[in-house]
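Good morning. I will take a few minutes to go through one structure, from the overall layout to the details. Please keep it on the screen while I talk.

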Amino acid sequence: MLLLILPLLAAGLAATPVTAETLDQQIRQADTQLFAAAFDDCDADKAAAMTTEDLEFFHDKAGKSASSRDDFRRSVAVLCESNRANHTHLRRERMDGTLQVFPLHDDRALEIGDHRFHERDAKGVERWTGQARFIHVWRRVDGRWLAERVISYDHRPATP
């Protein structure tokens, strides 16, 4: 029996404990950086580098829109090209009052929340265009949090 328990104890001792507050801060930061790269910077390569190779992205309106890091890179590049062609800029606003972060076994974390989307036109006028809910599974790889699974759902138009 002791031989069965020792590996479990060793694995638990080897893992670096992360407090709930630290995990929350780390996931918020990773989330902010990912959306800044994809929307603010419109840098598909930078955004893709913040995901796992086997990233999966599910969207309630578009279905499974990415099955890999490369799919995600292409999706962000197409979005950015469309924005440039239309002289628009998208911004994602995470609604912090709705954000929840939970640790998952195996260096993973679950992030759940709501976000709003804004579009700025060529004249610089920004308007709120819609909102949705999201679920992200993050995986810590070599000390960095990478998006592994993304579910964006319950998309609805902006309401005053």
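What share of the 160 residues in the protein is buried? The answer is 32%. Before going on, note that this is a predicted model, and the values I quote are computed from it.

Let me start with the parts list. The protein has four helices and six strands. Along the sequence they come in the pattern α-α-α-β-β-α-β-β-β-β. Of the contacts with a separation of 6 or more, 54% are between residues 24 or more positions apart. As for the surface, the protein exposes about 9600 Å², and carbon and sulfur atoms supply 56% of that area.

Now the sheet. Six strands form an open sheet with mixed pairing, in the order E2-E1-E6-E5-E4-E3. From one strand to the next, the twist averages 20°. As background, strands of a sheet pair through backbone hydrogen bonds, either parallel or antiparallel.

Strand E3, residues 89–104, and strand E4, residues 108–120, run antiparallel and are joined by twelve bridges. In one of these, Gln-100 has Ile-112 of E4 as its bridge partner. E3 and E4 make a hairpin, with three residues between them. Asp-106 sits in that turn and has a positive phi of about 75°.

The other pairing is strand E5, residues 126–141, with strand E6, residues 144–157. This pair also runs antiparallel, with eleven bridges. Here Val-137 stands opposite Arg-149 in E6.

Next, the helices on the sheet. Helix H2, residues 20–40, lies across E3, E4, E5, E6 and strand E1, which covers 51–59. H2 runs at about 155° to E3. Helix H4, residues 69–86, packs on the sheet as well, touching E1, E2, E3 and E6. The direction of H4 makes about 60° with that of E1.

What lies in the interior? In general, nonpolar side chains in soluble globular proteins tend to be buried together. In this model the largest nonpolar core has 28 residues. The members that touch the most others are Ile-27, Leu-34, Phe-72, Trp-138 and Trp-145. At least two residues of the core come from each of H2, H3, E1, H4, E3, E4, E5 and E6. H2 gives the largest share, eight residues.

Take Ile-27 as an example. Which residues is Ile-27 in contact with, leaving aside its neighbours within four places in sequence? They are Val-101, Ala-109, Glu-111, Trp-138 and Trp-145.

Last, the disulfide. A search of the whole structure finds one. Cys-42 and Cys-80 form it, with their sulfur atoms 2.1 Å apart. The link is left-handed, with -105° about the S-S bond. Cys-42 is in the loop between H2 and helix H3, which spans 44–48, while Cys-80 is in helix H4. The two are 38 residues apart, so the pair links distant parts of the chain.

Is each of these cysteines buried or partly exposed? Cys-80 has a relative accessible area of 1%, so Cys-80 is buried.

That is the end of my tour. Thank you.

Key
Residues numbered from 1 in each chain as written. Predicted model: local features only at pLDDT ≥ 70, side-chain atom pairs only at ≥ 80, totals over all residues. Heavy atoms only, no water. Pairing = 2+ DSSP bridges. Axes fitted to C-alpha atoms, helices over the stretch in contact; angles between N-to-C directions. Contact = heavy atoms within 4.5 Å. Disulfide = S-S within 2.5 Å. Buried < 20%, exposed > 50% of the residue type's maximum accessible area, 1.4 Å probe, protein only. Areas by Shrake-Rupley, 256 points an atom, 1.4 Å probe, with all protein chains shown as cover. Core = buried A, V, L, I, M, F, W, Y, C linked by side-chain atoms within 4.5 Å.
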